[in-house]
Amino acid sequence: MPESVIVIGSGLGGLLSGLLLARRGMDVTVLEQSRNIGGCLQSFRRKSHIFETGLHFVGGLGEGGRIRERFEEWGLMDLPWEALEGEEVVIGEDSFFLPSGYAACKEALASYFPADADVAAACLDDIAEVSNRSGADFVHTLELPALQFLRSRIGNPLLLKVISGTSFKMELDADRLPLGIFARIFDLSMRSLHRLRGGGSLLAEALASQIRELGGRILTGRKVVALDISEGRVHSVRTSDAMSYPADIVVSDVHPSVLVEMAGEGMRRSYRQRVAELKNTAGIFTANIALSDDAPSLPKRSLYVHTSSADLWRPRTDVTESVCVSFGDRSVDLMTRCISGNRDHIASECIDLVSRRLPWLKSCVEDVYTSTPDTYFRYTGTPGGSAYGILKDCNDIMRTMLSSRTPVSNLFLAGQNVGIHGIAGVTESTCYTVSQIENQLGI
């Protein structure tokens, strides 16, 4: 009999775990509490427009990229990926376009900062070198603050803002963001950026389809409420509809704080307390804007707009100072760190700030749909609607960076709370999770 695997949650980590374990001949069942699969991969339609929940762009899919070979192996590069030109950073009235590829980016920075050309090039080389480290050498970089590293290399405050200004893909924190996480995510997007035309749900469905083809099951509307644990093992998983699913292996793609509630007294108390004390990154406010037919052609790039006074590493929470812009086919997503105020007011602030760079935007707005961390929570079940999951703290990295293993011998973690968040980070950590399961089973 093949080993039975229960996967809790159908985000990227859950679906990918399910696929890889099904490919190894295991009997996989994915349990998803929502009606729709995908977690942060979900996209949604309003009238004729498709909007993203979390998959706005992906780094690491270019030739030689960190996850390109794996996506090719799994048939995921057959999806309608579109390469982006690069990233644009706006600081006040000044705009800086950073094309994909280190050589092109160095050349662009040299044109913007001729007196600091060598400094910028050396800093980019250092970031790439940190990102390429592995094993203990990379772990060491997780114990160093990213901002301290950048300040030790860059004296020009504007240049520092430009290099920091593309990093809405993570939560910048002056005192806690680990250098390794900053470097890895910066490096991925510097080398290549892609977006998925048609929405992130295509990626979720591609993974789910393969699981089903291999005999696996994906059951929606099945909220896991308890794990039956004894003698240090999970024996079955119970759902809110009073169903029980026996399991040899359980992989959790839900937030660890939710998982320990399911486990209850079956989980070691010290582990439950550790998870309860972990902080989460902030949530995101998004204004999904449907554009009218007379909107101009949209650029193939990501755009980050900041006020001249914005402190990117210590952002305010009472006013909109930074907005990340993601372009769709006939839509624009404006994302900012969630601040106080009503939805319409925050959306208006986002549109006003971005209109400094895109003066046509206001006249081309057809509809605006807003989401808050509460909305995100309903999609993903992540406490507080946290955008990037658990906050990894360089001052206490061993406590805040969770392993894929848990104190329960056959219970494993997957998803953005293990290792580095983002598509590439979750892909790599999930492959590691699966290797840990294989080692335990002697495969």
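Strand E7 (residues 86-91) pairs with E8 in the antiparallel sense, over 6 bridges. Strands count as paired if DSSP finds at least two bridges between them. Helices (H or I, at least four residues) and strands (E, at least two) are DSSP runs, numbered from the N terminus. Within this pair, Ile 91 stands opposite Asp 94 in E8.

The structure is a predicted model, in which local features need pLDDT of at least 70, side-chain atom pairs count only at pLDDT 80 or more, and totals for chains, interfaces and linings use all residues. Residues are numbered from 1 along each chain as its sequence is written, and side-chain values use heavy atoms, with hydrogens and water left out.

Both strands belong to an open sheet of 7 strands with mixed pairing, in the order E8-E7-E16-E17-E18-E15-E19. Strand E8 (94-99) and strand E19 (365-371) stand at the edges; each has a single partner strand, so one side of each lacks a neighbour in the sheet. Neighbouring strands are turned by 20° against each other on average, direction ignored. Axes here are lines fitted to C-alpha atoms, for helices over the stretch in contact, and angles run from 0 to 180 degrees between N-to-C directions.

The protein has 15 helices and 20 strands. Its radius of gyration is 22 Å, close to the 22 Å that the globule rule gives for 443 residues, so the protein is as compact as a globular protein of that length. This radius is taken over C-alpha atoms, and the rule is 2.2 Å times the number of residues to the power 0.38. The C-alpha trace spans about 65 × 50 × 40 Å along its principal axes.
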